[in-house]
2 protein chains.
Amino acid sequence: MIFPHTHLSLSGERLTVTYSLGAADLATARQRAEGICLEQTVELPAGLLAQDDLGTQVVGRLEALTPRPNRRFEAVISYASETVGDELTQLLNVVFGNTSMQPAIRVEQLSLPPSLLALFKGARFGQAGLRRLLGVERRPLLCTALKPLGLSAPDLAALARQFALGGIDLIKDDHGLANQSFAPFKDRVQRCAAAVAETHQQTGQLSLYAPNITAGPSRLLDNAWFAKEAGAGAVMITPGLTGLEAIRQLAMDDRFGLPILSHPAFRGTLVIDPEQGMSHGLVYGLLPRLAGADASIYVNFGGRFAFSQADCRAIVEATTAPLGPLPPIFPMPGGGMTLAHLPEMLTFYGREVILLIAGGLYGHGPNLLDNCRQFRAQAEALS
Amino acid sequence: MIFPHTHLSLSGERLTVTYSLGAADLATARQRAEGICLEQTVELPAGLLAQDDLGTQVVGRLEALTPRPNRRFEAVISYASETVGDELTQLLNVVFGNTSMQPAIRVEQLSLPPSLLALFKGARFGQAGLRRLLGVERRPLLCTALKPLGLSAPDLAALARQFALGGIDLIKDDHGLANQSFAPFKDRVQRCAAAVAETHQQTGQLSLYAPNITAGPSRLLDNAWFAKEAGAGAVMITPGLTGLEAIRQLAMDDRFGLPILSHPAFRGTLVIDPEQGMSHGLVYGLLPRLAGADASIYVNFGGRFAFSQADCRAIVEATTAPLGPLPPIFPMPGGGMTLAHLPEMLTFYGREVILLIAGGLYGHGPNLLDNCRQFRAQAEALS
């Protein structure tokens, strides 16, 4: 053997991943599943490993393999917790890093042992904390977006003022607002935060402005602290562009302490083919929840995107199901919603939801303030 | 109109994106393409926009729509450069952010105007710079990986020494080596960098050790600087887990100044379905090149992954085709390669390639040093 005999001190705790994979028959499925066990850990052929702790404990372990319809198989594979170390980047690597480059394999579920749930401890606020912060006890929370890209910072701030006056709880940047010349980040954040704060002083309406702080490593952190100092009440991050650890680092920083919204952009390809990628519940539910997002934005069924009711239900379950010490977070459906969708949304989601209506709020009628008030009134009446 | 009449000062420079999309007929394809123009910019229905600069310049513009076989259509859409601002995160957002959540749309090509190529200025070293740094003029460069996960830092350093003695140019961490208790990041990096440096002193063989610095925002930067101070000759980043801006920030930092390898993990789902996601050339060629990687690792045809010869050819072209002032970077095929693959690889890639053989090098014969020397001799003889 090329490698020294290895004795490791392992806790015995393991994470469990459920994969769905395509294969012509059970024998091929077993081969593929055993390939995953190696690929996601040691990246070596089994023949090069001794039957020591490395070859038997570090390599993933196929716990179950079950045929499903249409030449699919469910493979449950466990990995030693120690393979993850202490980072979400490496958790994703173990779960799906290289295997993402294999066809017809989908990660359906992920179950973490207590040691990893203690490490990835989730949201600072979660559902209960965000309600306390906003002083909203029962009704669904309301969110809309500042847009479009191309408006100036003063024009966006004027919109923010209207939304605050209209009683919208969360006023977020459109995710396409970054650091463009039309409305540079710092100017926009200062003006919008000030508009929302002034409205609070004048009317008592408490809204949180959530600027989009998505950017590269240093600038994201600079943006976050600038936003906090400018008086922003929350921040929004697109983990598909920054990695999930960007959310986690801020969520775990006691000095930062603002709620975090997770935006779904650039992760659609991960979920859209039911035979590949990762499940909706994982990508838009469990993973942002582990990272510490307080709400996970995604595209609702019935809008201009392709998520189904079942997809959305899976996301709700992943944001709210019991998960060790981690608090439930808000599902935040949006994407082509209008006030006409509200009855159906409230029936489907109940109270524990953040309703995101943006384009549909601008387009509802000629007076934006009236549109907001109708949004709020409908959500209150129906809840 | 809800929005103020907007006059913008625009350069007229536009980026151009070629999408392939599925649709039943030309009229539906046009609808889908026009939907992309709105979705990727203003995220509002066209009816809410005036025919001002915002409604005509900021909204994406459908430049061409051409039927292709099998109910696919090629849509060429241009966007004002100003929509990107100054960040790769937002470039990806404009190109594919929300549209990634629509079915049957694939980004095939991306063409940037001079202003954006000046902003995303690419690799510090590139092919020529990396050859100069290593003092290798003509032959293909050789790379292998320290593995497996589970070995101790001293054991990994012993392997690094063997690889350096054996004449391997680039000795990288396996991408699954992060900050696990088996071989914590700092201990591993210090020992492996020292082993490679000692071998250089003793034998004159110059190898670059490239630790995996993939992590969340602050820790990635800490890792990078720690690696540099410990004497690492390069670093490796997995942009699928950190975002591409992590590469760009380090590539643009004159004080940092180490070569950067881009690892392909967690991006496979983006490319694997030919009707969705993004093309291989974009994901593993153009995008890491724009970000500033000096070499882009991907999985070669004929190994244990599913990329085709055509996919690999597209990656080579995207890493090397003329691109304003950006230097060509190295394609770095790996993933199940062995010494037996070398003749085919050298025929296909020629000299301008980094040959990545890892598991196949460990497995070639019982003496690792001999295996390395055979790798080097074969690459020299065949080139």
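Two strands pair if DSSP finds at least two bridges between them. Strands (E, at least two residues) and helices (H or I, at least four) are DSSP runs, numbered from the N terminus. This is a predicted model: local features need pLDDT of at least 70, side-chain atom pairs count only at pLDDT 80 or more, and totals for chains, interfaces and linings use all residues. Residues are numbered from 1 along each chain as its sequence is written, chains are lettered from A and ligands numbered from 1 in the order written, and side-chain values use heavy atoms, without hydrogens and water.

**Exercise 1. Work out the strand order of the open four-stranded sheet in chain B.**

Solution. 
- Step 1: The order is 8-9-11-12, with parallel pairing.
- Step 2: Find the edges. Strand 8 (235-237) and strand 12 (330-334) of chain B each pair on one side only.
- Step 3: Take the twist. It averages 25° from one strand to the next. Axes here are lines fitted to C-alpha atoms, for helices over the stretch in contact, and angles run from 0 to 180 degrees between N-to-C directions.
- Step 4: Check one pairing. Strand 9 (residues 260-262) and strand 11 (residues 295-299) of chain B run parallel and are joined by two bridges. L261(B) has A295(B) as its bridge partner in strand 11.
- Step 5: Helix 13 (residues 309-320) of chain B lies across strands 11 and 12, at about 175° to strand 11. Contact means heavy atoms within 4.5 Å.

**Exercise 2. Trace the pairings of strand 4 of chain B.**

Solution. 
- Step 1: Strand 1 (residues 14-22) pairs with strand 4 (residues 105-111) of chain B in the antiparallel sense, over six bridges. T18(B) stands opposite Q109(B).
- Step 2: Strand 4 also runs parallel to strand 10 (residues 277-278) of chain B, joined by two bridges. Here V107(B) stands opposite M278(B).

**Exercise 3. Describe the interface between chain B and chain A.**

Solution. 
- Step 1: Count residues. 86 residues of chain B are in contact with 85 residues of chain A.
- Step 2: Take the area. About 7,200 Å² is buried, and carbon and sulfur atoms give 63% of that. Buried area is the accessible area (1.4 Å probe) that two parts lose on being put together, summed over both.
- Step 3: M101(B), F266(B) and T269(B) supply 11% of the area that chain B buries against chain A, more than any other three residues.
- Step 4: Count salt bridges (side-chain nitrogen of Lys or Arg within 4 Å of a carboxyl oxygen of Asp or Glu). One joins R304(B) and E39(A) (2.5 Å, N to O).
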